Amino acid sequence: MISENEWRLEAPEFETDRKRISKKMLKFPSGTPLQILFRKMISLLRRGKVKDSVLFFTIRKDRELEGNLAALYPHVKSKKKIIALCSPHTWLQKLRIYRNMYTSKVIVTDDYNPYLRYFPLKREQRFVQIWHACGAFKKFGLDGTKLKPRTEKATHAQYNMVCVSSEGIRDIYAGAFDVDRVKVCAMGVPRTDMFFGESVAQEIRSSVYAKYPELKDKRIILYAPTFRGVAKEKRVFHPPLDFERISGALEKNDRLVICPHPVMTEKILKDNYDKVWEIREFSTNELMFVSSALITDYSSVIFEYAFMDRPMGFFCYDIEEYDRGFYLDYPEDLPGEVLRSAEDFLRFIGEKDDPQKEKRKAFMAKYLSACDGHSGERIAGIIDKYVNQKEL
């Protein structure tokens, strides 16, 4: 873990070679009259005065922050603004976004920000990336993009700081975003702070038990699969499992709780079972706190669950077909047992032993060493320092 003296460092400085940034950026399309007018309006907006404020920008959810940005927000003391809009955006929304971006001292995002591919920020501005995922599991950025490499590079060209969960994955993020390694900082992940305080855990458990009192004092195995396919295919997921058999095999005090990925809009369970439930009112992170074990597959939820120090299983019946590309050595680096069949799945949910504790420790040391319960405070301190910096 990081000591206080180690993280009281200066924020990475702005890229002094601004020509290098400009070469990475894209040329704004201006062929149609509307595009020409839009560019002129952006040029006017860019003349606005930069204010000592922080813009929290996300395309991951409408009207509210989630995950890392939601956990970071309360720690930032400077004046704050929020733009949370899933894409695509209307022309008026785009103008609002540009206006706020060019008048905010610091811009913080947790995903792609396509609006800074075309226009350089002002010299006094800063751009901070708080990536939405812990660790480094499935490949992303230049390593796993569907965008043209030039577009991908332009998206990340203006970062001043990229926050990651451990020292050991800095090179991965630097390569994926094509940024200088010095700008990739092992500051931790704000949403993991909740795992270091019992008050949050108790509050979440109380909420779950208030909604589902039948789960209290039960041994809960949480099954949290990720989606398959693309577009509409993501909505449907039917694993090769006989849930009636599983329900019958579970002991009296056991429950298998399925928490689908948010894009899986169709129910996984077609029937009702005594000991197998599908719950959508709570997130995977919330249901972790009432679970005794986790079964997932290719989801980055394994990084958060590692903090629970409880058994993990990986139901990878389709590993030959599922090809997203991984940074970790899959499955050797996984902090738990790989389950290749329905029989393996059934055996795992019946086991009470925990033979993988040492493997989990090694996993956390490699991927989560910067997460110590103070990530939000640490990153907010750097952001406030950016806002208050006068000599630029």
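How many aromatic pairs does the structure hold? The count is 40 aromatic pairs, found in a model that is predicted. The points below take up ring pairs, salt bridges and surface patches in turn.

1. Tyr112 and Trp131. The ring centres of Tyr112 and Trp131 are 6.0 Å apart and the planes stand at 50°, so this pair is tilted. Tyr112 belongs to the loop between strand E3 (104-109) and strand E4 (126-130), and Trp131 to the loop between E4 and helix H6 (149-156), so the contact ties together parts that are 19 residues apart in sequence. Tyr112 and Trp131 are both buried.

2. Phe363 and Tyr367. Here the ring centres lie 5.1 Å apart with the planes at 45°, so Phe363 and Tyr367 also make a tilted pair. Both residues sit in helix H13 (residues 357-367), separated by 4 residues, about one turn of the helix. Phe363 counts as buried because its relative accessibility is 2%; Tyr367, with a relative accessible area of 3%, is buried as well.

3. Aromatic cluster. Ring pairs join Phe28, Phe38, Phe57, Trp91, Tyr98, Tyr102, Tyr115, Tyr118 and Phe119 into a cluster. One of these residues, Trp91, also belongs to a nonpolar surface patch, which is treated in point 8.

4. Arg228 and Asp297. Across the whole structure, 27 salt bridges are found. In one of them, the side chains of Arg228 and Asp297 meet at 2.7 Å, N to O. Arg228 is placed in the loop between strand E7 (219-223) and helix H9 (243-249), and Asp297 in the loop between strand E10 (293-296) and helix H11 (301-306), so the bridge ties together parts that are 69 residues apart in sequence. Arg228 counts as buried at 14% relative accessibility, and Asp297 is buried with a relative accessible area of 0%.

5. Lys357 and Asp309. The closest N and O atoms of the salt bridge between Lys357 and Asp309 are 3.0 Å apart. This bridge links distant parts of the chain, with Lys357 in helix H13 and Asp309 in the loop between H11 and E11, 48 residues apart. Are these two residues buried or partly exposed? Lys357 counts as partly exposed at 35% relative accessibility, and Asp309 counts as partly exposed at 39%.

6. Glu320 and Arg340. A salt bridge of 2.7 Å, N to O, joins the side chains of Glu320 and Arg340. Glu320 lies in the loop between E11 and E12 and Arg340 in the loop between E12 and helix H12 (342-350), so that distant parts of the chain, 20 residues apart, are linked. Glu320 counts as exposed at 57% relative accessibility, whereas Arg340 is partly exposed with a relative accessible area of 40%.

7. Salt-bridge network. Glu167, Arg170, Asp171 and Arg181 are connected in a network of salt bridges.

8. Leu34 is found in helix H3 and is partly exposed, with a relative accessible area of 44%.

9. Positive patch. Which residues gather in a patch of positive charge on the surface? They are Lys51, Lys79, Arg96 and Arg99. Arg99 lies in helix H5 (residues 91-101) and counts as partly exposed at 43% relative accessibility.

Notes. Residues numbered from 1 in each chain as written. Predicted model: local features only at pLDDT ≥ 70, side-chain atom pairs only at ≥ 80, totals over all residues. Heavy atoms only, no water. Patch = residues over 30% accessible without salt bridge, like charges linked within 9 Å, V, L, I, M, F, W, Y side chains within 5 Å. Areas by Shrake-Rupley, 256 points an atom, 1.4 Å probe, with all protein chains shown as cover. Salt bridge = Lys/Arg side-chain N within 4 Å of Asp/Glu carboxyl O. Lys, Arg positive; Asp, Glu negative; His and termini not counted. Charge placed at Lys NZ, Arg CZ, Asp CG, Glu CD. Helix = DSSP H or I, 4+ residues; strand = E, 2+ residues; numbered from the N terminus. Buried < 20%, exposed > 50% of the residue type's maximum accessible area, 1.4 Å probe, protein only. Phe/Tyr/Trp six-rings, centres within 6.5 Å; stacked < 30°, edge-to-face > 60°.
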